[in-house]
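I opened my notebook for a quick look through this one. Come along as I go from the core to the rings to a pocket.

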Amino acid sequence: MPMPRIPYRLSSLAMAVVGTAPSPRMADRENGVIATDWETGAEFWQLTVMIIDEGRAESMQIQVPNTGLPQGMTVGSTVRLTNLVASPWARASLDNRGQARLSEGCNYRADRLDLLAAAPIQAGAPAAAASAPDTSAEAAPTANADTTSTSKKAAW
């Protein structure tokens, strides 16, 4: 069953700042399989952004297809999130004592990031080595890619 996609609306004054460099979203860590979009076959990358909107700041880990990451993006860059959606999830399981456990969370995904301003370079500080992955090559689709988040608790 596909996860519901709930549009995450931001005001026109919202600002998003890149907090971590993009890294591959793994569907199967043991076998090195990167998660892919079931519709387009593009590889998913994940990064943390700080969203500042209407007097609130929130840190989110988001997933973006590799084709939606801009060149020149580094930690501290200001970006615009295009088509940000939230997908809540829940998973029931048994712990080692046979007790039922419920894990719940929310995945966030954007179709694309648009670079608004590069990160400022501070005097005496080395240039950030983290940059967006090369998106020039098409990603090969991977069957049965699991794009669910790790058991991250929702803070509602």
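My entries follow, and I keep in mind that this is a predicted model.

**Core.** I started with the largest nonpolar core and counted 19 residues in it. The residues with the most contacts inside this core are L47, I62, L81, L84 and L113. I then asked which elements give two or more residues to the core, and found β2 (15-18), β6 (44-53), β7 (56-65), β8 (78-82) and β10 (100-109). β6 gives the most, with four residues.

**L84.** I looked up the contacts of L84, leaving aside its neighbours within four places in sequence. Among them are I6, P7, Y8 and L10, along with I51, M60, I62 and Y108.

**Rings.** How many aromatic pairs does a search of the whole structure find? I got one. Y8 lies in the loop between β1 (6-7) and β2, and Y108 in strand β10, so the pair ties together parts 100 residues apart in sequence. I also checked accessibility: Y8 is at 23% and counts as partly exposed, while Y108 is at 11% and counts as buried.

I turned to the second largest pocket, which has a volume of about 310 Å³. It is lined by 17 residues, and the closest to its centre are Y8, L10, S11, R80 and L81. Both β2 and β8 give two or more residues to the lining, and β8 gives the most, with four. I sorted the lining into 11 nonpolar, four polar and two charged residues.

Notes. Residues are numbered from 1 along each chain as its sequence is written. This is a predicted model: local features need pLDDT of at least 70, side-chain atom pairs count only at pLDDT 80 or more; totals for chains, interfaces and linings use all residues. Side-chain values use heavy atoms; hydrogens and water are left out. A nonpolar core is a set of buried Ala, Val, Leu, Ile, Met, Phe, Trp, Tyr and Cys residues joined through side-chain atoms within 4.5 Å. Buried means under 20% relative accessible area, exposed over 50%, partly exposed in between (1.4 Å probe, protein chains only). Contact means heavy atoms within 4.5 Å. Rings of Phe, Tyr and Trp (its six-membered ring) pair if their centres lie within 6.5 Å; planes under 30 degrees apart count as stacked, over 60 as edge-to-face and the rest as tilted. On a 1 Å grid over the protein atoms alone, a cavity is a set of points where a 1.4 Å probe fits but cannot get out, and a pocket is an open set with protein on both sides within 12 Å along at least five of seven lines; lining residues have an atom within 4 Å of a point. Grid points are joined across faces, edges and corners, and a volume is the space filled by probe spheres set on the points. Ala, Val, Leu, Ile, Met, Phe, Trp, Tyr, Cys and Pro count as nonpolar, Asp, Glu, Lys and Arg as charged, and the others, Gly among them, as polar.
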